[in-house]
Amino acid sequence: MSAQLAAHSSVQLAAYSTSTGEAFQFWVLGTVAVIGALGTVFMKRAVHSALCLAATMIVLAVFYLANGAYFLGIVQIVVYTGAIMMLFLFVVMLVGVTAADSLKETIKGQRWLALLCGLGFGVLLVAGIANASLTEFDGLAAANAGGNVEGLAALIFTKYVFAFEITGALLITAAVGAMVLTHRERTERARTQRELAEQRVREGKHVPPLPAPGVYARHNAVDIAGLLPDGTPSELTVSRTLRERGQIRDVSAEALSDLKALERRAEERLERSAIEPPHTGRNSRRTEEASQ
């Protein structure tokens, strides 16, 4: 009986106490999670905010694994960080959210409304944590007695089933909203390839395909304009997008210097061949004797 009481007291002591390694892990990873959460809110670029949120999710997964919730930790990495965060990044890339777009207030007063909602949620969160009372701990052994997956499923589909369904509806709404935002209605019928070709022929502009960009031995340079026979760059050989971004490299001077060097070497060879005495007769006679 005394052995059972001692074992029970040791289990309770382990449940209520925190080791040095666990405390060190909590403070280090907790700091990283808070910094990532603040970066998610205060970053100017949406892509940087999404990356900060991904870092916070990974830290939460480490917390789950450290507390014995192995299934939840793996789901946090695979589903939330790997799938949902990739969905966020794809939405950001498709919609094209930039720093200039994020500063525009499409709905009047939405910033103040969002601030009030955030303050209200913070007050509710602080009040809920302050009023929480945990007098007894079951411990990891009792929580995972029937298995970690079985214990988690029992909580999700019994006690927290309403919150679970609300979260699923929120994710579905986000996916539908992303598809609606990325959809573009056509105001006119899309022209076929035959119609586009006939239009080019009628206009007389660029009937053949556009010339290719400059290609060098060490790299395929789509940002280098192709050169005309006189060595000047052709504006038709590079993409209009690269030209508007200012990402085109000018190598016309280098190409012209190379052409001049080739012309100089060719002239030197021609002058050298003109100065050397002709030995064609003797050489031809030797080749005939060798062939006989």
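This is a predicted model: local features need pLDDT of at least 70, side-chain atom pairs count only at pLDDT 80 or more; totals for chains, interfaces and linings use all residues.
User: OK, why does R194 count as exposed?

Analyst: R194 has a relative accessible area of 64%. The cut-off for exposed is over 50%, so R194 at 64% is exposed.

User: What makes E198 and R194 a salt bridge?

Analyst: The closest N and O atoms of E198 and R194 are 3.3 Å apart. A salt bridge needs a side-chain nitrogen of Lys or Arg within 4 Å of a carboxyl oxygen of Asp or Glu, so the E198 and R194 pair at 3.3 Å qualifies. Side chains of opposite charge can pair when their charged atoms come close.

User: Where do E198 and R194 lie, and how many residues apart are they?

Analyst: Both are in helix α10, which covers residues 193–203. They are four residues apart, about one turn of the helix.

User: And why is E198 called partly exposed?

Analyst: Its relative accessibility is 34%. That falls between the 20% and 50% limits, so E198 counts as partly exposed.

User: How many salt bridges does a search of the whole structure find?

Analyst: Two. Besides E198 with R194, there's R189 with E195, where N to O is 3.0 Å. The limit is 4 Å, so the R189 and E195 pair at 3.0 Å passes as well. R189 is exposed because its 59% is over 50%, while E195, at 26%, is partly exposed.

User: How do you know that S49 is buried?

Analyst: S49 has a relative accessible area of 11%. Buried means under 20%, so S49 at 11% is buried. S49 lies in helix α3 and, leaving aside neighbours within four places in sequence, is in contact with G39, T40 and M43.

User: Is T56 buried or exposed?

Analyst: T56 is at 10% relative accessibility, so the label is buried. T56 also lies in helix α3. Not counting residues up to four places away in sequence, T56 touches A33, G36 and A37.

User: Why isn't I156 given the label buried, but partly exposed?

Analyst: Its relative accessible area is 22%. Buried requires under 20%, so I156 at 22% is partly exposed. I156 is found in helix α8 (residues 148–159) and touches V161 and F164, again not counting residues up to four places away in sequence.

User: What makes the nonpolar surface patch?

Analyst: L65, Y70, I74, I77, V78, V79 and Y80 make it, with about 600 Å². Six residues, the largest share, come from helix α4 (residues 70–95). L65 sits in helix α3 (residues 46–66).

User: Which residues form the positive surface patch?

Analyst: K260, R264, R265, R269 and R272. K260 is in helix α12. K260 is exposed because its 53% is over 50%.

User: And what makes the patch of E263, E267, E268 and E271 negative?

Analyst: Glu counts as negative, so a surface patch gathered from E263, E267, E268 and E271 is one of negative charge. E267 is found in helix α12 (residues 252–275).

User: Why does P208 count as exposed?

Analyst: P208 is at 55%, which is over 50%, so P208 counts as exposed. P208 is found in the loop between α10 and α11 (240–245).

User: What does the secondary structure of the protein chain come to?

Analyst: 13 helices and zero strands. Of the 292 residues, 13% count as buried. The chain exposes about 23600 Å², and carbon and sulfur atoms supply 65% of that. Among contacts between residues at least 6 apart in sequence, 48% join residues at least 24 apart.

Definitions and conventions
Residues are numbered from 1 along each chain as its sequence is written. Side-chain values use heavy atoms; hydrogens and water are left out. Patches are made of residues with over 30% relative accessible area and no salt bridge: like charges are joined within 9 Å, nonpolar side chains (Val, Leu, Ile, Met, Phe, Trp, Tyr) within 5 Å. Accessible areas come from the Shrake-Rupley method with a 1.4 Å probe; for residues, only the protein chains shown count as cover. The place of a charge is taken as NZ of Lys, CZ of Arg, CG of Asp or CD of Glu. Helices (H or I, at least four residues) and strands (E, at least two) are DSSP runs, numbered from the N terminus. Buried means under 20% relative accessible area, exposed over 50%, partly exposed in between (1.4 Å probe, protein chains only). Contact means heavy atoms within 4.5 Å.
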